[in-house]
Amino acid sequence: MRVRKAGKVTERVWCLGREESCIYLLRGDDESMLISGGTSYIIQDVLDQMSQFKLNIDKINKCLILHAHFDHIGVIPYFKRNRPEIEILASARGWEILNMPKAISTINESSLRVAERMGAGHVVDRYDLDWSLDIGGGTVGEGDILDLGGVSAHILETPGHSSCSISAYVPSLKVLFPSDGGGIPYLDTILPAPNSNFTRYQESLEKLRALEVDILCADHYGFITGEEARGYIALSAETAAERRREMEDVYERTRDLDKAAKELTDAFFEKYSDYIISPDIMQAVFRQSLRHVASVIDAT
């Protein structure tokens with residue numbers, strides 16, 4: 001079952017934000033951790049929900065970045081600047097990206113554009129949400145365990161959506177936080193998200209498939225429970241294979257990355273006209289993903 005509203009997910013886990021952009025709070029006996037950072041414009045929703053659900057901001061000691069794209073780190077500047085003692089955690093590659101001036105500029109520009117597209121530009125203006133070099137933190141990677149007291153999050157490296165993608169798994173609750181590396185549960189389908197490297201994305205899905213999952217917490221469009229959660233990663237792997245075949249067909253026919261990306265973008269927005277990402281950003285995403293697919297085809 002798919003749940004697309006904020007609230008308690010299960011014991012120790014809450015979903016916050018909006019349907020199109022979610023973050024999660026994992027509460028331990030000793031400390032709490034925000035998982036993912038969403039888009040910047042959800043900050044007021046998050047703060048209101050924390051008050052509504054009686055979640056104490058002073059108990060948050062960690063924020064875990066699952067990958068460094070702009071729509072997954074948006075509220076982190078607010079929390080870090082208002083509570084400097086919070087430890088921000090990301091993969092080593094994630095911190096490389098978040099320390100690049102060009103990447104920071106793209107993050108801030110994209111955050112504002114999406115906020116305006118969603119009619120929430122005024123929220124970004126109200127808070128200090130731009131990413132900058134004043135935000136730093138610690139590094140996590142494969143096999144690391146974050147013990148919050150009574151509950152622990154295990155880190156898995158799952159690149160492919162992004163070169164810096166990681167996932168978090170809570171064995172005691174059978175809860176998986178794969179970010180976009182698990183596929184996006186949009187409407188009644190799963191949208192593959194192999195932005196960086198399609199082959200590594202598919203390999204990461206196979207890695208996640210081995211986990212026992214009762215609840216899957218996605219960064220976009222809520223969380224999934226029950227039988228659907230247990231079969232979600234396997235189905236996501238199937239939809240990824242279908243998308244790859246589609247991209248291969250378009251590229252082999254056009255032999256042009258720009259034309260292929262435009263064709264895929266037009267077809268996507270014919271189906272999903274109200275998707276959170278604007279067509280120009282989506283076209284850039286398709287082009288990036290196609291570069292890997294094309295390189296494999298051209299090498300054979």
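Start at the largest pocket of this predicted model, which has a volume of about 1000 Å³. A pocket here is an open set of points on a 1 Å grid over the protein atoms alone, where a 1.4 Å probe fits and protein lies on both sides within 12 Å along at least five of seven lines; lining residues have an atom within 4 Å of a point. Grid points are joined across faces, edges and corners, and a volume is the space filled by probe spheres set on the points.

Local features need pLDDT of at least 70 and side-chain atom pairs count only at pLDDT 80 or more, while totals for chains, interfaces and linings use all residues. Residues are numbered from 1 along each chain as its sequence is written, and side-chain values use heavy atoms, with hydrogens and water left out.

**Largest pocket.** Select His69, Phe70, Asn195, Val285 and Gln288, which lie nearest the centre among the 40 lining residues. Then show helix H3 (92-98), helix H4 (101-117), H7 and helix H9 (279-299), the elements that give two or more residues to the lining. Helices (H or I, at least four residues) and strands (E, at least two) are DSSP runs, numbered from the N terminus. H9 gives the most, with 8 residues. Coloured by class, the lining has 21 nonpolar, 12 polar and 7 charged residues; Ala, Val, Leu, Ile, Met, Phe, Trp, Tyr, Cys and Pro count as nonpolar, Asp, Glu, Lys and Arg as charged, and the others, Gly among them, as polar.

**Second largest pocket.** Move to Leu191, Arg243, Glu246, Lys271 and Tyr272, the closest to the centre of the second largest pocket among its 14 lining residues. The space in this pocket is about 260 Å³. H7 and helix H8 (257-271) each supply at least two residues of its lining, which divides into 8 nonpolar, 2 polar and 4 charged.

**Aromatic pairs.** Rings of Phe, Tyr and Trp (its six-membered ring) pair if their centres lie within 6.5 Å; planes under 30 degrees apart count as stacked, over 60 as edge-to-face and the rest as tilted. Phe268 and Tyr272 are both buried, where buried means under 20% relative accessible area, exposed over 50% and partly exposed in between (1.4 Å probe, protein chains only).

The whole structure has 12 aromatic pairs. Another to select is Tyr24 with Phe177, edge-to-face at 5.6 Å centre to centre and 65° between the planes. Tyr24 lies in strand E4 and Phe177 in strand E12 (residues 175-177), so the pair ties together parts 153 residues apart in sequence.

**Ser21.** Stay in strand E4 (residues 21-27) and pick Ser21. Ser21 counts as buried because its relative accessibility is 0%. Beyond four places in sequence, Ser21 touches Leu16, Gly38, Thr39, Ile42, Asp71, Asp219 and His220 (contact means heavy atoms within 4.5 Å).

**Nonpolar core.** Finish with Tyr41, Ile43, Phe79, Trp131 and Tyr275, the residues with the most contacts inside the largest nonpolar core, which has 83 residues. A nonpolar core is a set of buried Ala, Val, Leu, Ile, Met, Phe, Trp, Tyr and Cys residues joined through side-chain atoms within 4.5 Å. Helix H7 (residues 226-254) gives the most to this core, with 8 residues. Apart from this core lies another, of 27 residues, among them Val3, Val9, Ile155 and Phe177.
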